[in-house]
Amino acid sequence: MTNYGNNSNGNLRERQRSIAIFVITLLFPIIAWALDIATHNLPMSPKGVAMAHAQSPSLWLIDLVPFITSLAIWAVSRWSKSTIGSLREEIEQRDQDINKNAMFAKQIGEGNYNTDFKVDGDDDILGHSLLLMRDNLINNQKKDAEQSWISQGKEEISDILRMHNDLNALAYEVLVKLIKYINIIQGALYLYDDQTQTLHNLSTYAYDRRKYLNQEFRLGEGLIGQCAYEKEFIYRTEIPEGYATITSGILGNQKPQSILLMPLITDEKLEGVLEFASIEKSIPELTIRFLREVGEIIARTIFNLRVNQKTEKLLREAQQMTQELRENEEELRQNAEEMRATHEELEHSNIELETKMKEVENAQKRLHSLLENASEIISIYNSERELSFISPSVSKILGYTPQEMMNGKDMERLTRRGETDFNNLFDNLLKNPRISASIQYTFMKKDGEKIFIEVIGRNLIDDPAINGIIFNMRDITESKRAEKEERMRSKMQSLSENSVEMIMRVNTSGQFFYANPMVDKYLGISSKVLINQHTTALEHIPSLADFIKEAIKSIKTNKEKTTSEITFTSKEMGDVIMHITAIPEFNENELETILLVGHDVTEAKRIEMEIHEKNQKITESINYAHRIQTAILPNNKLIRQHLPKSFIFYHPRDVVSGDFPWFFVKDDNIYIAVVDCTGHGVPGALLSFIGYFTLNNVVDHDASYTAAQVLDNLHAGVRTTLTQDRPDADARDGMDVAFCKINLKQKKLQYAGAHRPLLLLRNNEILEYKGNRKAIGGIPHPKKAEELFENHEVDIEQGDKIFFFSDGLVDQTGGEDKRKFSIQRVRELLLSHSQDNMQELNDLFAKEFFDFKGELKQVDDVLLIGIEF
């Protein structure tokens, strides 16, 4: 109402202001005309006004000013009116907004949060603030309601937990309360057993009925075990097929749409798992939060109940034990008196028993000492051939402990024949009780020594003291050796009597005990006369007498045989050269006699001298051939005149060689080759001469020949020289060749090979040019046409290095595994020393070859040529 009154007064004042402006606007021109008439002294009439304007035309302009001013004032007045109206409407709108906001604030204050309220525009800050305040109040109210719901549920569960001391009843009541409180159809509680690490079903409730299920899950098994293992709740809305029977064990009439598994944990210790299933598609977050909070309370209560149950159980057991102790105390007191009397009797009996035990112990020690130091081994086997006893003397005789023998060494160390003989003896004793039988066999001691054992067995299975087959074993090695020596002496006696060698036996003082019939033939003394005489009987042969004396002296000192060659003159045999050996003979490690064996080497010495003379002549011939071969072959100095950066590594296996370097210069062409003839030594050297002169003739004949054409002509020339081109030819000798034709002006290299490659080292890479797979010479194949040698042309670049060699280098065996030197090793050496100069490479290959060969024999002649451009 107040607003409407204010609006009416405002309109009245506005109309009055407009009338005043209009009146002023009319008065302005009248006053102006009156001033004009008074100024010009004209009559106050329209005519007077007209005359005034006629006299002063500018008065028209002056007359218009009041009109213009009045119009301006009127326009301003109208604009002010419009502006004031707009401001009035804005104020009225704000008054309406304030009234509306005040009413909304009143509704909020009365708790009516659902009142409809809209804010017009973004300028109503108070309206927006009130809306925000209402939303915050609604959220706070919701949170308070949720927290109140959780608190109420926790309080109700706590009341149930305080009411029960029995775990089964508590589990059921808690489960029922939880299911009804959170509006879930099914639930189960599983208790965790820390000792077995399993969870067993304590209580199950579904569809308002108690279920009796006996289920158990291992830690980590199924969803129940997984929840317990991870100690985190599991919430699923996608239920696995067969979950109720396979994983959860919850049986219901309708398949759940969502499940929640909540671990019961207190102080980070697992006490059990709660399982819930709902037919709704989801379980509210508030329910999950409530179960997480209440789960800790349930877990703590379960833990306390378990501790209380254990304490009660221990208390009952302690009370029961106390009662039993009281009941037995009197009986113990009575028994103590009886025990005191019995103890006195026992002490007296113990004294007597100790005396008897001492006697038995001494007897056992005597028996053990006798058995341990006995020269025989006593063993007992049961009927199953199992060793049940063996005397301790086995350690001294065989080296094995009794336990080792009983673990199988008694049979493991026998030979096959010995094992067979022992089994036959055992079978025989089983068939014939009380009858002794014996065998002999070889046994290997622990230190590896073989000895002979004699075994005497007797079947005493019927004797309760023995209850087995008893064996007495003794070492008969020495007696066997004595028998063998006796047999050997007899055999030696027979052999020496018929031997062509002179045999005598003397003692350490030089007295002869034996001499065979050959003494008569060589020394001119009867063997019967020489026996029992001393070395003085041989004074007519001083060289033999001196040898015998020196041999006795040496053998006494060194205990080793000695040999020598003596020369003497025999009446029957003439001049004799005899190789004589003095052999010591021992008896129980003491030098007893010395056996003298003389072998006539007169004829062998004569033949040896003849062979020596012939060998000397052959060696002289070979050395002469070596000088000839060396004279015609090129050397490093000659080659370096034309190829300054080059080397030849040349090492024949014998004095003369089948491998040879070949060098020839004609016009601007330089020819150089490695030739490897069949064989080595003298045969190879002879073949090398054929190759050398044939190459000279071919190259000197025509300088236009390519490297391949040179080898073709050499191939034909060798076959013609060795008559290998005839039908009846049988000489298959030939040669392998690596041949180069070099023109330094044109910077061209031609290469052809017979079984031999050429290696080009360029820019740290190796290029290989392989030769043809055929040799120079040899018998041609009757049904297969031969191919010509292939010619390889190479443009020479600055720094190129070429290498070609015979097979003696790569076929040499050596190293730890006795393998071949191999072309691969040559490649690796060149690549790893690609920056070395030719002299360094020469030294490198020489060192590598001889280090690789070591002490092994050289298998073939070795030739390697290297050239750097």
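This is a predicted model: local features need pLDDT of at least 70, side-chain atom pairs count only at pLDDT 80 or more; totals for chains, interfaces and linings use all residues.
**The whole chain**

The chain has 869 residues, and 38% of them count as buried. If you switch to a surface view, you are looking at an accessible surface of about 52,400 Å², of which 52% belongs to carbon and sulfur atoms. Among the contacts in the chain with a separation of 6 or more, 56% are between residues 24 or more positions apart.

**Helices α21 and α22**

Next, select residues 823–832, which form helix α21, together with residues 838–853, which form helix α22; their axes come within 12 Å and cross at roughly 140 degrees. That angle makes α21 oblique to α22, and the crossing of the two helices is right-handed. To see what makes the contact, show the side chains of R825, V826, L829 and L830 on α21, and those of L844, F845, E848 and F852 on α22. Sorted by class, the contact of α21 with α22 has 6 nonpolar residues, 2 charged residues and no polar ones.

**F845, within α22**

Keep helix α22 in view and centre on F845, which is found in it. Is F845 buried or exposed? F845 is buried, because its relative accessible area is 1%, and a residue counts as buried under 20%. Leaving aside its neighbours within four places in sequence, F845 is in contact with V826, L829 and L830, and also with F649 and L864.

**K801, in strand β27**

Move to residues 801–805, which are strand β27, and pick out K801. K801 counts as buried, since its relative accessibility is 5%. Which residues does K801 touch, not counting those up to four places away in sequence? They are L759, L760 and L761, then S834, Q835, D836 and M838, and finally I867 and E868. If you draw a distance between the C-alpha atoms of K801 and L761, it comes to 5.0 Å, although the two are 40 residues apart in sequence.

**Helix α10 and its cover**

Select residues 402–412, which make up helix α10, and colour its buried residues, M405, G408 and D410. Then show the elements around them: the cover of the buried residues of α10 includes strand β8 (376–381), strand β9 (387–390), helix α9 (393–397) and strand β10 (437–444).

**Two loops with a positive phi**

Select E268, which is found in the loop between β6 (258–266) and β7 (269–278). E268 is not a glycine, and yet its phi is positive, near 60 degrees. With a relative accessibility of 71%, E268 counts as exposed.

Finish at K747, which lies in the loop between β21 (734–743) and β22 (748–754). K747 also has a positive phi, of about 55 degrees, although it is not a glycine.

Technical notes: Residues are numbered from 1 along each chain as its sequence is written. Side-chain values use heavy atoms; hydrogens and water are left out. Buried means under 20% relative accessible area, exposed over 50%, partly exposed in between (1.4 Å probe, protein chains only). Contact means heavy atoms within 4.5 Å. Accessible areas come from the Shrake-Rupley method with a 1.4 Å probe; for residues, only the protein chains shown count as cover. Axes are lines fitted to C-alpha atoms, for helices over the stretch in contact, and angles run from 0 to 180 degrees between N-to-C directions. Helices (H or I, at least four residues) and strands (E, at least two) are DSSP runs, numbered from the N terminus. Angles under 35 degrees count as roughly parallel, over 145 as roughly antiparallel, 65 to 115 as roughly perpendicular and the rest as oblique. A crossing is left-handed if the near helix is turned anticlockwise from the far one by less than a right angle, and right-handed if clockwise. Ala, Val, Leu, Ile, Met, Phe, Trp, Tyr, Cys and Pro count as nonpolar, Asp, Glu, Lys and Arg as charged, and the others, Gly among them, as polar.
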